[in-house]
Amino acid sequence: MDSASPREPSLASSPYSSPTFTLLLKKTIHAWSQETNLNTSVRVRIDGKTYDLHKSPLVSKCGYFNKAFTRSPEIELPESFPGGSQAFELIALFIYGHHRLPFDPFNVVALRCGAEFLEMGENYFSGNLCERSDLYINQVVLQSWDDTLIVLQSCQSLLPWSEDLLITSRCVESLAFMACMEILDPERRRDRPALTLQAFAGRAWDCEAVKESARTDLWIRDLIALPFAFFKRIVGSLRRQGMKEKYVSPIVVFYANKWVLSKKTHQFWEVAGGEGGDGGEEAKEKACLILRGVVDLLRAEEKGCGVVPVAFYFALLARAVELGVDEECEARLRGRVVSMLHLARAEDFLLDGEAGLAMMERLVSVRMSSDQTCDGVTPLSSNDRVAELWDAHILRVAVDPELGSNRFVELINVVPMSERRSHDHLYKAMNTFLQEHPETSQEEKALICKHLNCQKLSQETRIEAVQNELMPLRLIVQALFIQQLNTHQAFKECSDSLRYTHSGVLSSLPKSPSKQASTTDEGLVMGTSLGVLLQKEISREDYESTSFRIQTLEQELVSLKRGIKSKSCDQKSQSFRVFVKKRSCMGGLNLCYQRRCVNQLMKAFGRIAMFGRGRSKRKRGSKGGSDGRGVCNRNNDLYDVYDC
């Protein structure tokens, strides 16, 4: 997990470290010999190097050497010595009296850990290296953001010493404190507000755009470059120190975007993994570890809900499926997506293919069976949003030529029909499916469209459905009935409005001056109500198109009547039912019920046709002098379809 970090700076990368320290140590040892007239008496080996030193200064400041030299004048320090030979050379210079030791953020951790290993405490020498290193860390390093970052990254290669000496903890708390001050900014020195995720809500997740936004705040850019072990501790410290979740969650999201969602990072890990062919698996393992850690860091409770865009959770879930994370982690991600599904859009569904469709189907099914949301939205309204979202997703997948009618019906039934406030998206999905699958049979069309409720269609969609030749006849009949009921209701509302307005105007008019004024006011009100009525009705073009569709249906039913009358009376049993089932849209019903349905249908056609012709007649005036008896006679013939 820690390998997610960039290359950690070591003592060798210090701008103050140089091979000259080795030469300086040799000169210091030679000067000590000349000053004290004592030759070197002990030998220390480390990292393949041998140092001939004097025993007296070593045992006076180092408890480790004080004990070790009693057994042998030659000592070999272990490979686990903090900082290696470079750190030992600096420590040796301090032992020989170089109190102006060049401390810097790159070497102070190694010096402090090496001093702890050699037991260079105050009980051996006042102002010993342990105290000097701690003073530098507390008074210099932890007061600077950049220095603290350098020291924290140095701690990674010096574990567990840096952890036991609380250097890591001090750096973490210091960075968290300075980050909180950066957000609070009591002197308001910020040029712009702190970065949040509001700008990414309501649109598809763009990994590169998010990375560019994260670079705008330097403190965020520095934090997301840390190893995950340190980053996780800083996030916890930010929350303990009171930073609001709307500022903490974006940092976690930016970290996941860089180390988990970014394809460039994954490719870099694959290349850095070596030529043995294990680079891909190693990169996959790193991404999985960070992904699981990010899921742990993201708040699931209500306080954190809504801060992170749902598009990010969809992107993270798609990445989790691609990486093949464990079931527990994937289940937690699915739970996050389900709780925020009412905020999603169809474009957020990033999983493709049948596996992705099955995943989305599972999410929606769980959401519809749940009645909990995280932002105070009532279950009823949130379910409406989820239903619209699912219908929009069905519309996207309906163009798939491999999608069968049975599978399409299964997708429709994922959301109960009662949860759909509007069926417009569902109709569009059905229409798209029928257009992309012209081989669909009439039985399959009826199966697909049987759940479509014309009462939940808008007027424009209902008119389109009546004119759509791909729709089954049963649906068209239902749409015509609904349109007729809406027309009668519009006339009734207009009539009631006119009657109420007329009586109200007459009662409110003064009994004096002129009747012309009252007539004008009444005409104005009547004209306004008529305008409202005309707005509720369909346009003339839509009306003429619908009338043409009705005439086509009438002709089909007339031909059906003639076919029925051509049969003899003794063939009206089983063979008649088979014939009607093939030619009628009401197959499968008994004969008496078919009669009633067709009679009601003919009456509806007659009323709609008479209403349309009457309306056209009013517009044309009294031309032609027709009394409509031809229409009535034709429809009376249609009423007798089953009178044989």
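Contact here means heavy atoms within 4.5 Å. The model is predicted: local features need pLDDT of at least 70, side-chain atom pairs count only at pLDDT 80 or more, and totals for chains, interfaces and linings use all residues. Residues are numbered from 1 along each chain as its sequence is written, and side-chain values use heavy atoms, with hydrogens and water left out.

**Thr-461**

Thr-461 touches Asp-424 and Tyr-427, leaving aside residues up to four places away in sequence. Thr-461 sits in helix 23 (residues 459-467); helices (H or I, at least four residues) and strands (E, at least two) are DSSP runs, numbered from the N terminus. Its relative accessible area is 8%, so Thr-461 is buried. Buried means under 20% relative accessible area, exposed over 50%, and partly exposed in between (1.4 Å probe, protein chains only). The side chains of Thr-461 and Ser-458 are joined by a polar contact of 2.9 Å. A polar contact is a pair of N or O atoms within 3.5 Å; within protein, one must be able to donate a hydrogen and the other to accept it, and residues adjacent in sequence count only if both atoms are side-chain atoms.

**Overall make-up**

The protein has 29 helices and 3 strands. Of its 644 residues, 46% are buried. Among contacts with a separation of 6 or more, 73% are between residues 24 or more positions apart. The largest nonpolar core holds 161 residues, and Met-120, Leu-291 and Phe-408 touch the most other members. Such a core is a set of buried Ala, Val, Leu, Ile, Met, Phe, Trp, Tyr and Cys residues joined through side-chain atoms within 4.5 Å. Not counting residues up to four places away in sequence, the residues that Met-120 touches include Ile-91, Phe-94, Ile-95 and Leu-129.

**The strands**

Strand 1 (residues 42-46) pairs with strand 2 (residues 49-53) in the antiparallel sense through 5 bridges, and with strand 3 (residues 74-76) in the parallel sense over 3 bridges. Two strands pair if DSSP finds at least two bridges between them. Ile-46 stands opposite Lys-49 in strand 2, and Val-44 stands opposite Ile-75 in strand 3. In a regular strand the side chains alternate between the two faces of the sheet. Strands 1 and 2 form a hairpin with 2 residues between them.

**Backbone exceptions**

Most residues other than glycine have a negative phi, and most peptide bonds are trans.

| Residue | Phi |
|---|---|
| Asp-47 | about 55° |
| Glu-119 | near 60° |
| Leu-166 | near 65° |

Glu-119 lies in the loop between helix 5 (108-117) and helix 6 (129-139). At 31% relative accessibility, Glu-119 counts as partly exposed. Leu-166 is in the loop between helix 8 and helix 9. The peptide bond from Leu-159 to Pro-160 is cis, with omega near 0°; Pro-160 is in the loop between helix 7 (145-155) and helix 8 (161-164).

**Helix 9**

Helix 9 (residues 167-184) has 18 residues and, at 1.5 Å a residue, should span 26 Å; its end C-alpha atoms are 26 Å apart, which agrees. The expected span is 1.5 Å times one less than the number of residues. Buried residues of helix 9 include Ile-167, Cys-171, Leu-175, Met-178 and Ile-183.
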